[in-house]
Amino acid sequence: MTPDPQTRAAWLAEMSRQDELEDSALTGVNAWYWEAVQPEHQAFVERFLERLPHGGAVLDAACGPGRYFDLVLVSGRSVLGVDHSEIYLAAAKDRHPEVKTERHKLAALPYRAQFDGVMCVDAMEMVPPEEWPLVVERFRQALRPGGWLYLTVELVPPEEISELNKRLLDQALPAVAGEVIWEPEGYYHYYPPLDQVRAWLGDAGFEIIEDVEGPWHEQGYAYHHLLARLTVPG
Ligand SMILES: C[S@@+](CC[C@H](N)C(=O)[O-])C[C@H]1O[C@@H](n2cnc3c(N)ncnc32)[C@H](O)[C@@H]1O
């Protein structure tokens with residue numbers, strides 16, 4: 001059954017508030033997190049950076065504590081870090097006082113044709129289906145013509161998503177397929193079908209150049225990596 005639009009909008013606003021509260025209350029911006037850059041993420045970030053002009057500008061959207069700032073800076077590009085969580089931005093600033101950071105939500109990124117590359121790593125799972133096209137549009141607008149986007153999409157086995165999604169529907173919450181709440185933290189996540197992600201990127205004028213799944217981690221999740229080039233003006 002399709003949820004009532006007003007009830008759904010109110011529920012999504014509450015989910016967004018919850019996720020932001022969780023991200024702003026984190027005490028876990030700790031050492032393990034810094035060390036935990038996964039090899040395939042690093043390899044993708046490096047390949048993304050290689051595509052950009054030397055001296056080019058990168059937007060790290062949902063940068064968290066800025067654990068990719070070093071890679072960007074060492075490659076000879078500049079970086080602006082953006083996140084909705086003050087605590088993450090403060091951690092990023094602590095580690096890299098020289099990097100400019102700004103607080104924005106992904107759906108409200110204000111940039112216009114300023115960047116050669118936009119990266120959004122391990123954050124799109126917090127974006128609900130209604131906002132995905134808007135966020136992708138914000139990435140497009142932030143890029144200069146011919147700019148590059150590196151995006152990860154979290155993957156969880158479909159049967160687990162269905163089971164968690166059923167719990168929401170059983171509580172008569174106005175959720176749609178792919179939406180879950182992870183307990184005990186209460187994080188809202190949305191897992192879009194990858195073909196839908198490809199379509200959203202295509203609709204915004206991105207041509208997908210690399211499209212790679214995994215690897216899967218023993219805890220039962222993986223990331224899908226997408227590297228795309230903007231084929232229309234930013
Ligand atoms: C798992 S962390 C990843 C951080 C960083 N990209 C990395 O890979 O290390 C997810 C980040 O997304 C941010 N985030 C989640 N939803 C957001 C939104 N709607 N707008 C801006 N930032 C958001 C969180 O505050 C958090 O810093």
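Here is a chat that goes from the whole chain down to single residues.

Biologist: First off, what kind of model is this?

Modeller: It's a predicted model.

Biologist: How many helices and strands does the protein have?

Modeller: Eight helices and nine strands. The radius of gyration is 17 Å, close to the 17 Å that the globule rule gives for 234 residues, so the protein is as compact as a globular protein of that length.

Biologist: And how much of the protein is buried?

Modeller: Buried residues make up 52% of the 234. The protein exposes about 10900 Å², and carbon and sulfur atoms supply 55% of that.

Biologist: What about charges? How many positive and negative side chains are there?

Modeller: There are 19 positive and 38 negative ones, and the centres of the two sets lie 7 Å apart.

Biologist: Let's zoom in. Where is valine 58, and why does it count as buried?

Modeller: Valine 58 sits in strand β1, residues 57-61. Its relative accessibility is 0%, and buried means under 20%, so valine 58 counts as buried.

Biologist: Which residues is valine 58 in contact with, leaving aside neighbours within four places in sequence?

Modeller: Its contacts include Phe48, Leu52, Val79, Phe115 and Met119.

Biologist: New topic: helix α5. Which residues in it are buried?

Modeller: In α5, residues 86-95, Tyr88, Leu89, Ala91 and Ala92 are buried. Seen down the helix axis they fall within an arc of 160°, so they line one face.

Biologist: Why would residues a few places apart point the same way?

Modeller: An α-helix has 3.6 residues a turn, so residues three or four places apart point the same way.

Biologist: Then which exposed residues does the face turned away from the buried side carry?

Modeller: Glu86 and Asp94.

Biologist: Are they buried or exposed?

Modeller: Alanine 62, in the loop between β1 and α4, counts as buried at 19% relative accessibility. Alanine 172, in the loop between α7 and β6, is exposed, with a relative accessible area of 67%.

Methods
Residues are numbered from 1 along each chain as its sequence is written. This is a predicted model: local features need pLDDT of at least 70, side-chain atom pairs count only at pLDDT 80 or more; totals for chains, interfaces and linings use all residues. Side-chain values use heavy atoms; hydrogens and water are left out. Helices (H or I, at least four residues) and strands (E, at least two) are DSSP runs, numbered from the N terminus. The radius of gyration is taken over C-alpha atoms; the globule rule is 2.2 Å times the number of residues to the power 0.38. Buried means under 20% relative accessible area, exposed over 50%, partly exposed in between (1.4 Å probe, protein chains only). Accessible areas come from the Shrake-Rupley method with a 1.4 Å probe; for residues, only the protein chains shown count as cover. Lys and Arg count as positive and Asp and Glu as negative; His and the chain ends are not counted. The place of a charge is taken as NZ of Lys, CZ of Arg, CG of Asp or CD of Glu. Contact means heavy atoms within 4.5 Å. The arc is that of the directions from the helix axis to the C-beta atoms.
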